[in-house]
Amino acid sequence: MSAPIYPSGTVRALLATPHVSDATRTALQARLDAPVAYEPQFLAPETFALLEAVAARLFPQPDRPDNPIPLAPSVDQRLTEGRADGWRYDALPPDREAYRLGLGGIQEIAQELFQADFMGLNAEQQDAVIQALAEGTPPGAAWETLDASRFFEEMLAELTETYYAHPLAQEEIGYVGMADLPKWSKIGLNEKDDREIDVR
Amino acid sequence: MPDEEIIEEGVINPVQPEVQDPLLRSLLAEEPIPTNTPKEQPQAVEPEADEVDCVVIGLGAGGAPLLARLAQAGLKVVALEAGPWHTPETDFATDEKAQDFLFWNDERLAAGGDPLAMGKNNSGTGVGGSTLHYTAYTPRPLPDDLHVRRDFGQGEDWPVSYEELEPYYNEVERFIGVSGPTPYPWGPARSQGYPLAPLPLNSAAQLMVRGAEKMGIKTSPAANAALSARYYQEGVGWREACTNRGFCQAGCSNGAKSSMDVTFIPLAVKHGADIRPNSFVTEIERDARGYVTGVVYTQNGEQKRQRCRHLFLCGGSVETPRLLLLNELALTSGQVGRNLMAHPGLQVWGTFADEVRPNKGIPGGLISQDTHRPKDADFIGGYLLQSIGVMPVTFAGQVARGRKMWGQPLRDYMRNFNHIAGINILGDCLPHADNFLELADEKDARGLPKPRLHFTAQENEHRMNAHAEKIMRGIWEAAGATDIWSFQRYAHVIGTARMGKSGDDAVVDANGRAFDVPNLYISDNSTFPSALSVNPALTIMALSLRTADKFLESLK
């Protein structure tokens, strides 16, 4: 079965309706309104640019050339504020060290595989670097002290959760659960309330 | 990488670090924040306040029921809750990220072969504790859940019988408003049915019915602590019925979910309980005899002391043992932090041609306990089967972790969200010497040692998972799913301060009273001697009421 394709603009249209609570609207609108330009606060500019480049391969967005869902800023903001999500793999160092070591390690993989900076590689080569990381035994000294599988899992999960929390990504998958007022009346198989979105 | 990278390198494996976080370290160096170490700053603690009858630490499923009971008995009670008091209508957005504040977000370290995800998975903070974001799935244990050792020769038996607990299950279900099937299809006949009819089945539940019927597996609408109809709540008024919002793993915005903040806590307040939110306890004070005399806590940055005649520790399986270990309290059995268990919670997901829209309706709509003691089992104990709905951010995170998908394939797969449904198990877990909680050298933002949780699933859990995966894949295939995959997880941290018959091998007795400290009680899932093959919340509440009653009897 090929995956459904939903029309765009759906969540944005629902946000203006009374189906969305004020608290919900505030949270989603803030993500839509986040400025495109972002000045990193914790990561050095070149490290932040590297994170952006990695995120662009983990979530390629050729369909949004002018307004990609920003992924790297939320990582930088979290590291700046020292926020945690309640747990950490004991195998990994604290999040700030893990990200800086891991991103440095990605550069090492790029050097080992292609003798070039990650930013200078084409998309296919960048994917090969990420695949080496995802497989858990990439080349490079950084990975002798940093658990590659756990680091990749943590980074991918964080970026994934940021991506699908964004209203544009929720439009992409046809999710309109934020428009839950006053209630859902039709919850069984192949049933939907009028405000739920059909495929394009 | 820039030069500063090298400077940071020494932080990776530091020896006895005081504070790991570089930002915090610099803040502390420049401008010391008020600390929680009264030994260094005794003048920071207020003069001793009036003594109260009871202090209760933690307002989740363990603390709230007994708080209400003690207040109803006319005792002067103070409750200290680490988190804030929320207003559901305005604080609980239908957005997963915006609900992060409900989780215990101080970092815990997850070690062992199957590290336990904490945060949103296994913790809570706020007036109501983790019941603010529990799924509200509230099956009772079956009687033999309490006697795994008697029946199998391994694990531990409970020093309390199901018969002793049954009146408390009846009371809790009636008081908080559990919706469920009557009669209940598994276990012995019950003296009381559920007070409300089951909630309607969502798509995932309907699909599980379809697949299970073909497999010859009996199913039933599940018991959930959410209202299928309006319900009158003492101290609250009428609570409205569930709106099928499906957002139960976060805060319920209309009070239909029976969390502690809309059930036992208003009852406690009505009877005079003094609730102090944002109050983080650091120290438990004792006299020369070893009796607890009071606690020291920080509320909104200010350090305070509350004297008490009796202390009830209800912080859950991580914070309860952490407080005991930090204060070197009730440790003579050697069992504090030991016997850490976690329920096998294997999930199986599939894609259906039907439209599922898995975000709607109570997530755990259906149950089967046909696998409670399977005839072909090659393991001890058993498990329940449950249909599961899901929200997109949670699901996507699991896809990333579990399927290791990334790039365009991940985006393509996620476009099937409206056609995805899952089943999972909740299985018993045996205690094992390798599974325990300890205090790490690494410190948190308060300067206290972080808890480190060691968990490695053992042979019994592996066999149970394999048995369950085969059955769940069979159900999903029979229901018409494609692209079936499984996600290994372990849910609920249990044990770490277990109850038993003797202080030689248990921390508290059957009434929840510490063997070492006569005026200290523990009421939460840390006291469970075995994990049970059902979700813990209902049993935590039932035990909480029983502990309160036994304590009140002891005062006579």
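**Notes on the two-chain model**

1. Starting with chain B: UniProt, in an unreviewed entry, places the feature "domain: Glucose-methanol-choline oxidoreductase N-terminal" at residues 123-344 of this chain. This is a predicted model, so keep that in mind for everything below.

2. Now chain A. It has nine helices and one strand, and along the sequence the pattern reads α-α-α-α-β-α-α-α-α-α. The C-alpha trace of chain A spans about 55 × 40 × 30 Å along its principal axes. Of the 200 residues in chain A, 48% are buried. If you take the contacts in chain A with a separation of 6 or more, 67% of them are between residues 24 or more positions apart.

3. Next, the place where the chains meet. The contact takes 57 residues from chain A and 75 residues from chain B. On the chain B side, the elements that each supply at least two residues include helix H1 (4-9), helix H2 (22-30), strand S3 (108-111) and helix H7 (203-215). H10 of chain B gives the most, with six residues. By residue type, the side of chain B that touches chain A divides into 31 nonpolar, 22 polar and 22 charged.

4. Have a look at the strand pairing across that contact. Strand S1 (residues 87-89) of chain A is joined to S3(B) by three bridges, and the two run parallel. Trp87(A) has Arg108(B) as its bridge partner in S3(B).

5. That pairing belongs to a sheet built from both chains. Four strands make an open sheet with mixed pairing, in the order S1(A)-S3(B)-S17(B)-S16(B). S1 of chain A and strand S16 (436-443) of chain B are the edge strands, each pairing on one side only. On average, neighbouring strands of this sheet are turned by 30° against each other, direction ignored. Further in, S3(B) pairs with strand S17 (residues 449-454) of chain B over three bridges in the parallel sense; there, Ala110(B) has Leu453(B) as its bridge partner in S17(B).

6. Helix H9 (residues 316-326) of chain B lies across S3, S16 and S17 of chain B, running at about 65° to S16(B). H9(B) is mostly covered, with nine of its eleven residues buried. Among the buried residues are Val318(B), Leu323(B) and Leu324(B), but also Glu319(B) and Arg322(B). Just after H9(B), Glu328(B) takes a positive phi of about 50°.

7. Chain B also has an antiparallel sheet. It is open, with six strands in the order S4-S13-S14-S15-S12-S18. Strand S4 (220-221) and strand S18 (482-487) of chain B are at the edges with a single partner strand each, so one side of each is left without a neighbour in the sheet. Within the sheet, strand S12 (residues 347-351) and strand S15 (residues 420-427) of chain B pair in the antiparallel sense over five bridges, and Gln347(B) stands opposite Asn424(B) in S15(B). Helix H12 (residues 459-479) of chain B packs on the sheet, where it touches S12, strand S14 (383-388), S15 and S18 of chain B. The direction of H12(B) makes about 150° with that of S15(B).

8. In soluble globular proteins, nonpolar side chains tend to be buried together. Here the largest nonpolar core has 218 residues, and Val56(B), Leu67(B), Val77(B) and Met208(B) are those with the most contacts inside it. Helix H13 (residues 537-555) of chain B contributes the largest share of this core, nine residues. Not counting residues up to four places away in sequence, Met208(B) touches Thr219(B), Leu366(B), Ser387(B), Ile423(B), Ile475(B) and Ala479(B).

Methods
Residues are numbered from 1 along each chain as its sequence is written. Chains are lettered from A and ligands numbered from 1 in the order in which they are written. This is a predicted model: local features need pLDDT of at least 70, side-chain atom pairs count only at pLDDT 80 or more; totals for chains, interfaces and linings use all residues. Two residues are in contact if their C-beta atoms, placed from the backbone, lie within 7 Å. Ala, Val, Leu, Ile, Met, Phe, Trp, Tyr, Cys and Pro count as nonpolar, Asp, Glu, Lys and Arg as charged, and the others, Gly among them, as polar. Two strands pair if DSSP finds at least two bridges between them. UniProt positions are given in the numbering used here, feature names are shortened, and annotations may be inferred rather than shown by experiment. Axes are lines fitted to C-alpha atoms, for helices over the stretch in contact, and angles run from 0 to 180 degrees between N-to-C directions. A nonpolar core is a set of buried Ala, Val, Leu, Ile, Met, Phe, Trp, Tyr and Cys residues joined through C-beta atoms within 7 Å. A residue is buried if 20 or more other C-beta atoms lie within 10 Å of its own, exposed if 12 or fewer, and partly exposed in between; C-beta atoms are placed from the backbone.
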